[in-house]
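I opened a notebook for this structure and wrote down what I looked up, entry by entry. The sequence and the model come first.

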Amino acid sequence: ASAEYDRRTDPLASLLDANTASLTNLGVNSDSIGRFLQFAEVARLSSRGDVPFDRVTSSLSTLLRVDWDVSATNALLLRADYRHNSLNATRLSGLALPTLAGQQTSDGGGILASLTSSAGPFINEVRAYASSDESVIHGFRVSPLGVVNVTSDLGDGNSGQGQLLFGANSSLPRRTSTRLFEFTDEVSWLAGSAHRLKLGVLLIAGRSAIVGNGNQFGTFFYNS
């Protein structure tokens, strides 16, 4: 048996946390952002709500394996694994208000069973594996997405263009799931000391589903 856990914390970058240098690299100046945030505050759109200040990524993986010699000619292998990943704030750009972020969780696992039998020059191996994976992303806010097109004077005769985002993420919520089943049955014949003849069957069945339409609540564009 084995298990591994990992956790990482990074500052969450959003429009509320950006400095002048990073805004210039993104093609907008701080004056444009200041005016935008004033309007957002009046409209009560600039609040962080439940969005955290730090992005926390965590992952967990476990594995359990059992080998059992049932008899002198039969060996059984059982293996199970589980995986979990979570991200408390994702899909957020440096020119977006924090409310566009989403929370993501992913869970998956599988079970493997294998039986190997031998009889004289023949070896038979039967193997079955089933797995399931699911990922869910949901936003902190349910509302339309607002996009403000901004053209900024960056100084020294340079100008930049950017899109300031507020409201909710138009690609959320979203759920994906995958189911997989594999079955193999192989018979090997040891023909002498240098040759092996193998015959087998393979069956694979899978199913994938995606729930969540993009732009479910609409997107509104504004020119500054």
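In which loop does Arg 91 lie? I found Arg 91 in the loop between β3 and β4. I noted that the model I am reading is a predicted one. The phi of Arg 91 is near 60 degrees, a positive value in a residue that is not glycine. I wrote this down because most residues other than glycine have a negative phi. I then looked up the accessibility of Arg 91: at 39% it counts as partly exposed, because that class lies between the 20% and 50% cut-offs.

I found a positive phi of about 60 degrees at Asn 215 too, again in a residue that is not a glycine. Asn 215 is in the loop between β9 and β10, the latter being residues 219-223. Its relative accessible area is 40%, so Asn 215 is partly exposed.

Gly 192 also has a positive phi, near 80 degrees, in the hairpin of β8 and β9. That hairpin has three residues between its strands.

I looked up one peptide bond as well. Leu 172 and Pro 173 are joined by a cis peptide bond with omega at about 0 degrees. I kept the note because most peptide bonds are trans. Pro 173 is in the loop between β7 and β8.

**Entry: strand pairing**

β1 pairs with β2, residues 54-69, in the antiparallel sense over ten bridges. Ser 2 has Leu 63 of β2 as its bridge partner.

Next I followed β8, residues 174-191, which pairs with β5 in the antiparallel sense over 16 bridges. There, Ser 132 has Arg 179 in β8 as its bridge partner. β8 also pairs with β9, residues 195-211, in the antiparallel sense over 17 bridges. In this pairing, Phe 181 stands opposite Ala 205 in β9.

Is Asp 81 buried or exposed? I located Asp 81 in β3, residues 74-90. Asp 81 is buried, because its relative accessible area is 16% and the cut-off for buried is under 20%. Leaving out residues up to four places away in sequence, Asp 81 touches Thr 62, Leu 63, Gly 108, Gly 109, Gly 110 and Tyr 129. The side chain of Asp 81 makes a polar contact with that of Arg 83 at 2.4 Å. I also checked a C-alpha separation: Asp 81 and Ile 111 are 6.7 Å apart in space and 30 residues apart in sequence.

Ser 106 is in β4, residues 102-119. I noted Ser 106 as buried, because its relative accessible area is 19%. Its side chain makes a polar contact with the side chain of Ser 135 at 3.2 Å. With residues up to four places away set aside, the residues touched by Ser 106 are Arg 83, His 84, Asn 85, Glu 134 and Ser 135.

Ala 130 lies in β5 and is partly exposed, with a relative accessible area of 36%. Beyond its neighbours within four places in sequence, Ala 130 is in contact with Gly 109, Gly 110, Ile 111, Leu 180 and Phe 181. I looked up how far Ala 130 is from Ser 71: their C-alpha atoms are separated by 26 Å, and the residues are 59 apart along the chain.

Ser 143 is in the loop between β5, residues 122-139, and β6, residues 145-155. Its side chain reaches the backbone nitrogen of Ala 168 at 3.4 Å. Apart from neighbours within four places, the contacts of Ser 143 are Gly 167, Ala 168 and Phe 217.

**Entry: the largest pocket**

What is the volume of the largest pocket? I noted about 280 Å³. The lining has 14 residues, with Arg 35, Phe 36, Phe 39, Val 148 and Ser 224 nearest the centre. α2 (30-42), β6 and β7 (158-167) each supply at least two lining residues. The largest share, five residues, comes from α2. By type, I listed the lining as ten nonpolar, three polar and one charged.

Terms used:
Residues are numbered from 1 along each chain as its sequence is written. This is a predicted model: local features need pLDDT of at least 70, side-chain atom pairs count only at pLDDT 80 or more; totals for chains, interfaces and linings use all residues. Side-chain values use heavy atoms; hydrogens and water are left out. Two strands pair if DSSP finds at least two bridges between them. Helices (H or I, at least four residues) and strands (E, at least two) are DSSP runs, numbered from the N terminus. A polar contact is a pair of N or O atoms within 3.5 Å; within protein, one must be able to donate a hydrogen and the other to accept it, and residues adjacent in sequence count only if both atoms are side-chain atoms. Contact means heavy atoms within 4.5 Å. On a 1 Å grid over the protein atoms alone, a cavity is a set of points where a 1.4 Å probe fits but cannot get out, and a pocket is an open set with protein on both sides within 12 Å along at least five of seven lines; lining residues have an atom within 4 Å of a point. Grid points are joined across faces, edges and corners, and a volume is the space filled by probe spheres set on the points. Ala, Val, Leu, Ile, Met, Phe, Trp, Tyr, Cys and Pro count as nonpolar, Asp, Glu, Lys and Arg as charged, and the others, Gly among them, as polar. Buried means under 20% relative accessible area, exposed over 50%, partly exposed in between (1.4 Å probe, protein chains only).
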